[in-house]
Structure formats: structure tokens, C-alpha cells
Amino acid sequence: ESGSVVTTPEVLDQAWLTPVQIGTPGQTLNLDFDSGSSDLWVFSSSTPASQSRGHSVFSPGKSSTAKESPGYTWSITYGDGSSSSGTVYTDVVDVGGLSFPSQAVETANRVSPEFTQETNLDGLLGLGFSTINAVKPTAQNTFFDNIKSDLNQPLWTVDLKHQEPGTYNFGNINSSLHTGEIHYAIVNTRRGFWTFTATSYSVGGAIGGSITGIADTGTTLALLPTAVAKAYYSKVPDALYDNSQGGYVFPCAASLPDFTFTVGGGEITIPGNYINYAPLTPGSKTCFGGIQGNTGIGEVIFGDVALKSAFVVFENSGDTARIGWAKK
Ligand SMILES: CC1CCN(C(=N)N)CC1
Ligand SMILES: CC1CCN(C(=N)N)CC1
């Protein structure tokens, strides 16, 4: 079988949210599909009302198929300092018509203010490798790992679009979503992420070396090696590193060069206008870059700024994981 579901960008393409049905009858929550983590967690009836105001919540008590997983707990802190924690149920989860009857659904007993404030987001659906699932004492499978054996092909694809709805597919490659060939690179799964190597990059004709990083639908920007970010902004007139903003800024009127990287022998280009990410504050004439250095993050991250420039295939055949990139 295969399934397809529409995903919708938040303001400024900060994240994309995708409707998921949980329980019987189905309760629809809008989740952030995140290939940089491996937990399906949701705002729930156990989340204090002061923290869940404005969100849809999962109420296991209203689901005839919800089963508590006694003694299981989880707690996650994300790179941006946001966090959540709680307990665990299993229940039916349906994504784009694909249904798994006993998916671990991690219900939040608390969430940090960042999540409370993001009222369109009702939780996360992890698409990283199950080895880094945060449930104690026993790690749980991601939705993809649970349904993978039922899929026509052991893969999911993502087509994110700038300020337009896009799609997540599970189990098949919809060739109408990309142009030209899909170029594949081997994924190293050792740290639980979709880690791959781009063999080279170029900015305005200047060629750079290889970049190894993770494909991460849950991170907004492209957080590249500091030398790469420096090389990029050396081509942007009046760009500078602003310590108070923690990144490269430039005049919003600047015309930014494209950033092209080669993966699996094919070229992907991030258009300059995607790298002109956003004004520092609404109306400001100074803009913040969509490419930044990865200092202090511990990983190089090809986030949404890179992913929305391509059609991307995440395949895990069991013994080999691959990532495919195509133009669209
Ligand atoms: C390495 C980090 C990348 C950003 N994260 C994420 N998408 N969940 C956290 C892990
Ligand atoms: C990687 C995670 C970081 C925190 N999130 C957020 N603020 N939207 C969710 C994704």
C-alpha cells in the first residue's frame, strides 16, 4: 500500500504541519513531521490548559482503542531549547490513509512555552531512525518503521514548497512531483539521522568541497559548516555576522546568489531568494540569512531551506538506507 497527505507551511516557512488522525473515532492533530527526531508526541488531555490553549489535543479517554503503556515515559529537549515530556499510549494512527493499529503515541504532560506559542503545531511525528526514540525504559518505533513492511516500497518522500502546500508520500515515488532523475547517496544511520554527503558545493561559480550533514525536515534553515557559510556571505555585498542575532544578516534589498550542491552525481540549487529568509523584525530593512553556520549544533543540517528546493526520497530497505534528491 501507499499513502499521501498534504503538508502546509507556517508563516515564514518556519515549519510544515500535516494532519494526522489518532484513535477511534479519529482525532485530527496537525503535526510537524521531523526527520531529525524519532518520537510521535502530541499535546494531550494531560497537558495543562495553560500550556495547551489554542491547540488540538489527543484525549486517550475518548478513544475506544487507546491503551496505556504503563511505566513508559519520555522527555525531549530540542536544539532551539524547546522541550516536552510525558507518558505513552498505543493507539491507531492514520497518515494519508495509511493506518497502524498500535503506534506509540507519546502524550505530553508538559510542553515548553515555545510549543505553547506555536498554536498551529499540535505535536511532532518523528521520521528519524527508531534507535534514537526517547521512550524509557524501551525505545518505540516510528510510524514509518511500523508501516514500512506494508508499503509497496520501503520509503517516504517529501515535497515542501515555499509558502504553498506540499506533500508527504509513503510507499511510492510520485514521478509527477519531480523533474529529471533522482540522484541517490548512501545514508549513514549511526547517529539515528538521515546523514549523507554532498560531494561539492558552489556559490556564484566558486567550487567548494564536500559537506556531510543530515536531511532534517524539522529544522527551518540550512545550518552548514562555518567555512561554507562564510564563503557564501563573502559573495553578498554588505553581509556581516551579527553576534546579537547569532547569524549572518544583510540588506533585505540584496540580491543573493544561489547555493548549489552536488549529491549522488546530481546538482540541487537553493535559489538565492530562499536564502533571503526574513527581515529581523517585520518591516526591518535588515534580513536574516537562510544559510547559517552550524556552530554549537553538533550536526550540519540540510533543513527546510534546502529541502523545499528539491523533491527528496528517504528510503530504508533494512540493510541499506539511501536518500535521493531531484529537481522539481
Ligand atoms: C541534530 C538536531 C537537529 C534538529 N533536531 C530535530 N530536527 N529534531 C534535533 C536534533
Ligand atoms: C526540531 C524541533 C524544534 C522545535 N520545534 C519548533 N519550535 N517548531 C519543532 C521542531
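In this predicted model, the protein carries 16 positive and 28 negative side chains, and the centres of these two sets lie 4 Å apart. Here Lys and Arg count as positive and Asp and Glu as negative, leaving out His and the chain ends; each charge is placed at NZ of Lys, CZ of Arg, CG of Asp or CD of Glu.

Now for the overall build. The protein has six helices and 26 strands, taken as DSSP runs numbered from the N terminus (helices: H or I, at least four residues; strands: E, at least two). Its C-alpha atoms fill a box of roughly 60 × 45 × 35 Å along the principal axes. Of the 328 residues, 55% count as buried, meaning under 20% relative accessible area with a 1.4 Å probe and protein chains only, while exposed means over 50% and partly exposed lies in between.

An α-helix has 3.6 residues a turn, so residues three or four places apart point the same way.

A word on conventions: residues are numbered from 1 along each chain as its sequence is written, and chains are lettered from A and ligands numbered from 1 in the order in which they are written. Local features need pLDDT of at least 70 and side-chain atom pairs count only at pLDDT 80 or more, whereas totals for chains, interfaces and linings use all residues, and side-chain values use heavy atoms, with hydrogens and water left out.
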